[in-house]
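Let's take a walk through part of a protein model, starting with a helix and moving on to some charged pairs. Have a look at the structure first.

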Amino acid sequence: MSEKTTAATNGLLSANGPMSNGTNGVPSSTSSQQQNGCGKTASKKGPRPDNGNGNDGRSPRRFPRISLPVELMRDSYDVVVIGSGYGGGVAASRMARGKQSVCLLERGKERWPGEFPEQLLETSEEIRISGEFAPGDRRSIPGKIVDGGNSTGLYHFVVGEGQNAYMGNGLGGTSLLNANVFLEAHPDVLDMEIWPKELRGKDAWTKYYKRASSVLEPVEYPATFPELRKADLLKKQAELMGMGDKFYRVKQTTRFKDGPNSTGVCMRASTLTGMDATGINDGSKSTTLVNYLSDAWNWGAEMFCECEVRYVTKAPGRDGYIIYFAWHGGKRGRFTTLYDDLMWVHANKLVFFGAGSIGTTEILLRSKQFGLKMSEDVGTEMSGNGDMLGFGYNTDYDANCMAHPDPTWDRPVGPCITSVLDLREQKNVLEGFVVEDCAIPLALAPLMFPMLEYLPDPVKPRYGSLETLTKAASRVAGKLLGPYSAHGSVARTATYLIMSHDSSQGSLRLKENKPVLTYSGVGRSKSVSRIHEFLEKMTANVGGNFVANPAWTLLGAQQITVHPIGGARMSTDGTGSSGVTNHSGEIFKGDGTETHPGLIVCDGALVPTAVGVNPFATITALAERSVELAAQRFGISIDYDTKNGVLDMYGSPKFPLPRDDSIERLSAAMTKAGDNGKSGIAFSEVMTGFIHAGPDVDDFKVATDLGRSRCEFARFFLSVKSWDIAELVNNNLHPAHLTGTFCCESLGGTFIVHRGAFQLFNEDVREPDTTNLSYDFDMVSPRGNTLHFNGYKVVNTAAYLNPLEILRQTTTLYVTITNKDDEIVGRGTLHIQPKDFYQEVLTFGATGPSTWSRLTSVMSFLGYFTKQLSVPFFSTLGRLQWPNAGVDTASMATSPSQVAPLVALDGVKTTLMMWNPIQDGKEVLGDAPIILFVAGAATDHTMFALPTIETNAIDYFRSAGYRSYCLTHRVGRTPVAQQGHTPYDARRDIHAALAHIRKVGSTRGDKEMPKIYVVAHCAGSSALACGLLDGTIPANWLRGVTASMVFMNPKFGKINHLISGFPVNVYSKLRALNQVLRLYPAGDARETCKSVVCHRSELVFGRLWTHKNLNETTHRNLAQFVGGTSMQSLAWLMNAGRKEAVTTNEPASTSLVTPENLERLKGLPILFLSGTGNMVYTAENTDVSFTTLCHAHGRQWYERELFSDKGHLDAWMGANAYKDVYPRVRRHVDKFMKL
């Protein structure tokens, strides 16, 4: 490939052409590229981003790229062009010059000279075969449907019954592979009544042939160039047949001098390799890529490769049409659902069908199946243009027909075709034909001798003895010395390419949703026999043996055409009853005269009959006319006159379409990655499931079940791509981009997704030790409606030592769909099915400028992916998370309005904080109802004023109009706690706090002492119970109580119950054994974590929270909210837990829950709160207290609420506590505070 690549680079961009030094006998160009303006070799702006055509392994500076990655596609354009051959190229160029936004879709890839395969092995990787394999005289016996090979391969063979076809896929269509011959149709052909009256006669065509010629610039093979043996042999044969006057050199679109072409693309003189039929690498071939398409690019057309258009429909609810296509990029073809998950683009005005006769007809047939009304004639009366191929094997003359990438100076092959024996001038125009010389592709060189020597030959020439020996010797030389030996039989073989007339009775139909070509008997027609007889004589005159097309021989008299035409032919009478389109190419809606406005066929499918010669000149002229007429109908003014000047194909177009911010950002990222030689990764993913469309259902499982019951199936097919693996792995957002489709009929059909955001293992701030794989994008429906998709996969410690759970987590996506007003319109879950997971793995690949960079990219991605999965998988067994001293959350907290020191009756000092209520963003200093919050053991005011959640309890109740106090008592998170106090002692602190609040109220001149509502948690609640039961705290000071998690009947969870029997001093010995604490039984796997603080608090108190209710910031900073406790306090808690009643201090430990003490609680409203996930105290303990008090005083004073999945502290410190716990408490507070 190195020589080929170098040639390509020089072939388009270097100062002098490959032939300019006069080598190979070719005269140097009349002027160098420096003189003709082609000396500029590359843009200073650097290369454009790779278009995803599979060329990531090559340097992006080596070849131009005028197509764009599909990731940069818009969802709507003025004009969509399907195909990039002559018809599609004309439409794209002219519409772009008409200042329309143009999108061109091409099935194949973009290749420039230097990228075309040459050897057999290379070319075999680019072959696609499709159709119905039906060799021989079938007599209605069905063949076998085939569809294999490279789906976007350059060489496309369509097999059928009676007729086969060879076409090209790539940006440039079959122009990449044709023989460049520009011959106008014979005037007699143009006079035939098969044409619409508007196109009959040569005069109707002259303007458009001339316009096509001005762009394609056909010229004859120069007389100053070397003589070509194959052309000389054809000339000799013509003379021996008495037809020397019918021989001439054809006009062709090969370049024979260096310099810019009509469009401004710098080209090179032909090196006479004869490689045209497989794609030529010397930069001399005037394909549509270097003329019409480059012109379209310069005028702002956007072209996208690997996009196979399947069908077209009317756009629902708006003007224009929807073009559905299968995007083959990103290895999406690995999925068997490729054709079920079609992408689409909207054409607001015009759609031009330029996919070639077979391609366009297939699209129209499928569009008709899917409801687009059109003539019944679509797919009928097709023609192979009377194409035939034959060989004059082992003649007496050196023909030198084998293409060679570097021919010697004395044996140039020449362009594929240079000469013609023109026999079209006949009394009956249908008997006319042409015979052209032809070069055989290099890739076929190894096959030529066995194919010509051993294929069955029904008519073998008779030679004399000497001639027989001579022929045998040349065959031996051909076998031993190869096809390039001048004395060998292959080198002495003439190749004939014939164009004639057939009966145009071929047809294309869809069978099993695949196109099947049928043209029974065409290879056995009298016309074929007549021409074969002529070729037999012509070959015999030069001592050769005529061998028909190998396909004709091997497949049982079947023809192969390189010029299929028809299938959507023009109507002769202006109605759909005799054709598919009108004279301008616009498609009929049925059998009448009405057409689909803006649906235009502009390629060979239009042509109603064989033209008897290479048809691309006629197709191009016809396309020029159809596009011109369409422009007139739509009021589009095409600028035919402005010249481009010399184009910098590595630069930017002169008239680009304006881009929105999302396109600009992504394009800049691609360019930056390309400039810096970055490598990336890509893969595609299919997920399916159910999404309920309708009013929001908060719970994903409920929404999914509802969607399933209503058959609201959903699926996406998205390709994920990062152009810079370092950014994906190291950026804290871990970003990549999404392109593809989302399909949900209940939400609006198939939505297109461009430039979506994918994040790989970004931290989930809602839960600790949790990461998300996030999918976030806007998507557009065919109606033009935009919805927003947000989905995330949750990866957390529920996968602790559980590979199946890891698989479940990474294959489950929780989806929320919102509209433009941010209203939720859909919710549900999607899953990766096992088959789709396997196919996803096959799509994984890397991009980059070298094999090493791509390998490094893969290893970097897999290493990062594995590392991220190992964290939750090993969870507490992995690296521990230590308290982060560098983060101070205090600055995030809301400062109290007042801080008051307290002194209890026993002299212990504590702290009381106060926050005034908030109204309209301002503090209220006047009278307000009061709540006293009492924290639990080892916590302080931050439990209720937590700065790491969106809305904490203090903020919530301040906004509700309450003056909020918070007490940090002696067994809370305070230095005093280390002095050996117990919750029983802490009752005095609560008394002091209440007394202080009452005193403040009296100084304000309140008519009566304020009654206070108390919210007490855990040890604070137990301390409150102690004070109320023993009379330390008068119940008549209180308006009501919320007892959180425990009150007067502590009952431990299972683990705490077991360890309450251990001596308390065991804990002090374990404090340093953090490694042992990894194995502390935390319950469900999701409750394992890496936090040392979490582990230690579990050891002392049991698990204090359900992890999913804490956000990551809270969990990471637990050391700032949770402290230690004294052994005396812990001993009191353990003792109370064993007795299941609050008690006095040791040694007496007398239970305070007595009938006499319970009487003190009479008339005091209490709300008991518990969580089903509380591992410190079971929910049963509040039930015991609730039941006891109900029996004692009546149920009217007591309420109890059980919160599902709430743990101990997370009931107040949970990120979503403001949605459930706080409102429930407020209802009780409001009820008794009478706000």
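Helix α20 covers residues 851-874, 24 residues in total, and spans 34 Å from its first C-alpha to its last. That's close to the expected 34 Å, which is 1.5 Å times one less than the number of residues. Helices here are DSSP runs of H or I with at least four residues, strands are E runs of at least two, and both are numbered from the N terminus.

Some α20 residues are buried, including Phe861, Tyr864 and Leu869. (Buried means under 20% relative accessible area, exposed over 50%, and partly exposed in between, using a 1.4 Å probe and protein chains only.) Among the elements covering them are β27 (680-693), β30 (749-763) and α18 (803-810). Just past α20, Ser875 has a positive phi of about 40 degrees.

## About the model

This is a predicted model: local features need pLDDT of at least 70, side-chain atom pairs need 80 or more, and totals for chains, interfaces and linings use all residues. Residues are numbered from 1 along each chain as its sequence is written, and side-chain values use heavy atoms, leaving out hydrogens and water.

## Salt bridges

The whole structure has 53 salt bridges, each a side-chain nitrogen of Lys or Arg within 4 Å of a carboxyl oxygen of Asp or Glu. Asp341 and Arg715 form one at 2.5 Å, N to O. They sit 374 residues apart in the chain, and both are buried.

Arg1226 and Asp1230 pair up too, at 3.1 Å. They're four residues apart in helix α33, so about one helical turn separates them.

Notes:
Contact = heavy atoms within 4.5 Å.
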